[in-house]
Amino acid sequence: MHPTTVSHKWLSIPLFLLVFAAFQSTAQHSRLVNEPVDISEDFRDFSNTVFFADSLAAFDPQSGTGSIKWKRHEPFSAHNFDNSMLGYKRSYSNEFPAIEYAQDPVLPFSVEFTSERTVRIRANTSKQVTAPEPSLMLVSEPGKDVSWKYAKISGGHQYTGKYGSVTIYENPWKILIRDANGKILTETRGAADGKSSYTPTLPFSFVRRAADYSRSVAAVFSISPDEKIFGCGESFTRLDKNGQKIVLWTHDPNGVQTQTMYKPIPFYMSSRGYGMFMHTTSPITCDFGATYGESNAMQIGDENLDLFVFLGKPKDILDAYTDLTGKAPMPPLWSFGLWMSRITYFSEQDGRNVAAKLRSNRIPSDVIHFDTGWFETDWRCDYMFAPSRFKDPALMIADLKKQGFHTSLWQLPYFVPKNDLYPEIVSKGLAVKNANGTIPYEDAVLDFSNPNTVKWYEDKIAGLLKLGVSAIKVDFGEAAPVSGIYASGRSGFYEHNLYPLRYNKIVSDLTRKLNGENIIWARSTWAGSQRYPIHWGGDAETTNKGMEAQLRGGLSLGLSGFTFWSHDVGGFTMKTPEDLYRRWLPMGLLSSHTRTHGQAPKEPWEYGEDFQNYFRKAVEMKYKLMPYIYTQARLASEKGLPMVRALLVEFPSDPGAWMVDNAYMLGSDILVAPLFETGKTRQVYLPKGKWVDYQTQKEYNGGWHEVVAGELDVIMMVREGVVLPQVRVAQSTGEIDWNNIELLRFSNTPATASLKLYLPGQDMVQEVIVTKKGTRSVVSKDPFGGKIIWVLK
């Protein structure tokens with residue numbers, strides 16, 4: 001039977017295809033609540049005007065300030081042989097009276113140097129000057145570095161520093177960034193740079209929207225052959241962002257296998273030796289050669305450009321970036337232990353039972369986490385333990401503390417209409433409002449730009465901390481209304497991405513004030529959130545691909561200035577199959593922080609005795625390695641480095657290290673290659689040098705190897721010559737005997753080795769010298785004055 005057809009203008013197109021096409025068109029153009037804002041669409045809108053950076057109209061070399069002339073253009077449809085594509089053509093004033101408005105505006109521009117490695121480029125799209133406000137993203141407003149030397153050159157200006165140079169050409173306007181050897185790292189792209197291609201390309205420009213005359217900047221730079229780009233937050237897509245289009249908008253992706261992310265960060269770095277930080281809270285679309293291969297188009301929602309450029313290797317860039325936006329302080333020692341959790345423990349008895357079984361089964365652990373079910377109604381956050389199920393919360397918390405357990409609690413900043421707190425929040429004006437004074441969503445979303453809201457919220461959280469709670473789970477925070485009008489006076493266009501940073505800061509500052517510790521457990525972020533550890537990876541799918549994507553997200557976040565990161569071991573979305581749990585568990589333990597969380601069950605005894613024994617051995621491994629983990633955490637926090645570290649950070653001179661996104665370094669000395677599929681083997685790339693398998697003691701040279709895992713389902717390699725400090729297994733970090741440290745030396749050659757060591761409560765790292773003599777090693781330098789008994793293998 002033939003499908004029904006439509007005659008006349010549609011000829012014989014099947015009706016069901018027309019219906020399907022109409023459905024597809026509608027679906028593709030539907031707008032969803034909190035859908036990411038893609039700024040690039042505005043540069044393609046035929047109703048808008050786009051101004052191209054043309055020439056340097058004025059410049060004062062002493063101050064680095066001047067102005068740029070911008071030439072007016074408009075998007076249009078270029079047509080050739082039945083094919084259309086978007087291009088840009090010269091256009092002229094559409095304002096009346098024309099004499100009152102600039103055809104090609106001349107607007108402020110500046111270049112500053114804020115450190116030996118850091119250049120700040122600013123450009124305005126209007127002459128309106130606003131009073132500067134302290135930025136929550138920055139530790140403080142950066143000063144000026146006077147080490148850069150100026151020289152006038154033919155057709156422009158040049159500044160030279162210790163690590164590179166910046167050249168500014170006048171006509172056409174262009175900025176070139178070079179390294180210390182004179183190699184061009186990147187340069188701005190102007191209209192003339194697109195002439196080599198038939199494909200119209202967007203140059204360095206800004207758009208003025210016809211709808212409201214708002215403006216946004218496109219800072220367009222070059223991409224070189226074989227260039228690789230990393231960062232932009234906890235991105236779950238391919239680690240190298242070259243060829244990708246990344247929308248920086250905090251979003252709840254409900255998983256870890258999409259392009260959207262909980263933790264976008266407006267920062268990235270390149271394999272060519274530079275990094276860039278887009279200092280704004282507006283939405284950003286980073287088109288890293290996705291639309292056109294040679295073009296890195298940072299389409300920034302902000303009407304003004306504030307761009308920091310950093311020069312150096314990955315460690316140098318991360319250090320400089322976190323000098324600007326803040327380094328992660330050290331969380332408390334207990335936070336590095338095991339967090340036992342599921343969604344959710346519903347009662348005091350649940351918590352006590354889990355704690356008792358952990359101790360009776362000799363499984364080390366430091367935290368019991370109560371998720372969404374500690375209120376009278378599951379998910380309905382009212383900051384009160386359910387009286388029907390928690391007879392004496394303070395006593396429970398105190399009793400758990402005596403057993404070596406800290407207590408963590410879930411909450412969120414959204415309040416449903418049935419919540420008893422909802423009327424108070426709305427009546428007191430504590431929630432984000434619409435332009436008409438009502439709330440945008442069904443839920444009341446706390447407005448953290450309102451000092452009254454902050455005070456109200458702090459009182460609620462303070463009551464829990466004073467009860468003895470050690471950590472607050474700072475969940476959600478990705479859905480601040482873009483249509484909202486905030487107490488700050490700004491719309492959600494600028495407040496949406498800033499919301500997680502405000503949220504993180506409030507809880508972290510209060511916890512530090514009341515408990516004296518740097519600790520939260522947060523999901524959403526923005527630039528600067530690394531100052532408020534710890535952040536976890538969200539609701540990962542309970543699958544092999546979910547595990548793989550979760551690691552990519554963690555590596556990407558680490559390349560965005562975050563030192564501490566965790567994830568839900570085994571995945572969140574459903575009961576974890578035992579095989580997947582076995583393979584995921586070591587990856588979770590070999591992270592800075594470890595939490596088993598997700599759909600029940602998560603407790604090892606629920607899987608049987610064999611798995612419980614395996615679980616115990618895996619957890620014991622982390623507790624044995626606590627001196628190494630704690631020391632590496634201290635060292636990393638001082639330099640803005642990630643604990644879960646992409647190989648390229650530690651081995652920037654090894655080309656192979658830049659290609660790996662399924663293995664990582666835990667600190668500087670242990671390489672971890674998780675098993676993402678059933679089986680005991682996988683291909684592992686080892687950077688140049690010699691490596692020793694932590695479990696089997698087999699030795700390997702750098703390069704690709706098919707490696708068989710040891711007793712635990714993970715590949716762990718230690719750099720040859722490294723000395724790893726270990727302690728005896730304790731049931732909590734508070735019971736570790738720091739006066740009895742065992743040193744494991746991964747070398748058979750008679751040579752002197754050293755290790756750096758931080759012990760809890762110390763302010764300085766100590767260096768221990770170990771000498772190989774014959775078949776045994778001896779400590780030839782003990783900086784702890786004989787207080788520690790060193791046992792060497």
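At 21% relative accessibility, R352 counts as partly exposed; by the cut-offs used here, buried means under 20% relative accessible area, exposed over 50%, and partly exposed in between (1.4 Å probe, protein chains only). The model is predicted, so local features need pLDDT of at least 70 and side-chain atom pairs count only at pLDDT 80 or more, while totals for chains, interfaces and linings use all residues. Residues are numbered from 1 along each chain as its sequence is written, and side-chain values use heavy atoms, with hydrogens and water left out.

The side chain of R352 meets that of D399 in a salt bridge (3.0 Å, N to O). A salt bridge here is a side-chain nitrogen of Lys or Arg within 4 Å of a carboxyl oxygen of Asp or Glu. R352 lies in helix α3 and D399 in helix α4, so the pair ties together parts that are 47 residues apart in sequence. Helices (H or I, at least four residues) and strands (E, at least two) are DSSP runs, numbered from the N terminus.

The two helices also pack against each other. Helix α3 covers residues 348-360 and helix α4 residues 393-402; the angle between them is about 5° and their axes are 11 Å apart. The axes are lines fitted to C-alpha atoms, for helices over the stretch in contact, and angles run from 0 to 180 degrees between N-to-C directions. α3 and α4 are therefore roughly parallel to each other, since angles under 35 degrees count as roughly parallel, over 145 as roughly antiparallel, 65 to 115 as roughly perpendicular and the rest as oblique. On the α3 side the contact is made by E348, G351, R352 and A355, and on the α4 side by P393, L395, M396, D399 and L400; contact means heavy atoms within 4.5 Å. These residues divide into five nonpolar, one polar and three charged. In this scheme Ala, Val, Leu, Ile, Met, Phe, Trp, Tyr, Cys and Pro count as nonpolar, Asp, Glu, Lys and Arg as charged, and the others, Gly among them, as polar.

A search of the whole structure finds 45 of them. Side chains of opposite charge can pair when their charged atoms come close. D539 forms one with R523, the closest N and O atoms being 3.4 Å apart. This pair links distant parts of the chain, 16 residues apart: D539 is in the loop between β27 and α9 (544-558), and R523 in the loop between β26 and β27. Both D539 and R523 are buried. They belong to a network of salt bridges that also links D252, D475 and E478. The loop between β26 (521-522) and β27 (535-536) also holds I534, and the peptide bond from P533 to I534 is cis, with omega near 20°.

A further salt bridge joins the side chains of K327 and D323 (2.5 Å, N to O). D323 is exposed, with a relative accessible area of 52%. K327 is also in contact with D319, as are E638 and K639, leaving aside the neighbours of D319 within four places in sequence. D319 is found in helix α2 (residues 314-325). D319 and L641 are 322 residues apart in sequence but 7.3 Å apart in space, C-alpha to C-alpha.

Next come the strands around β11. In a regular strand the side chains alternate between the two faces of the sheet. In strand β11 (residues 205-208), S205 and V207 point one way and F206 and R208 the other, and all are buried. β11 pairs with strand β1 (residues 49-60) in the antiparallel sense over four bridges; strands pair if DSSP finds at least two bridges between them. T49 stands opposite R208 of β11. Four bridges also join β11 to strand β12 (residues 215-222), again antiparallel, with S205 opposite A218 in β12. β11 and β12 form a hairpin with six residues between them, and Y213 in the turn has a positive phi of about 65°.

D226, in the loop between β12 and β13 (229-233), has a positive phi of about 65° although it is not a glycine. D226 is exposed, with a relative accessible area of 67%. Q697, likewise not a glycine, has a positive phi of about 70°. Q697 is found in the loop between β34 (681-693) and β35 (699-708) and is partly exposed, at 46% relative accessible area. Finally, the peptide bond from F96 to P97 is cis, with omega near -5°, and P97 is in the loop between β3 (83-90) and β4 (106-115).
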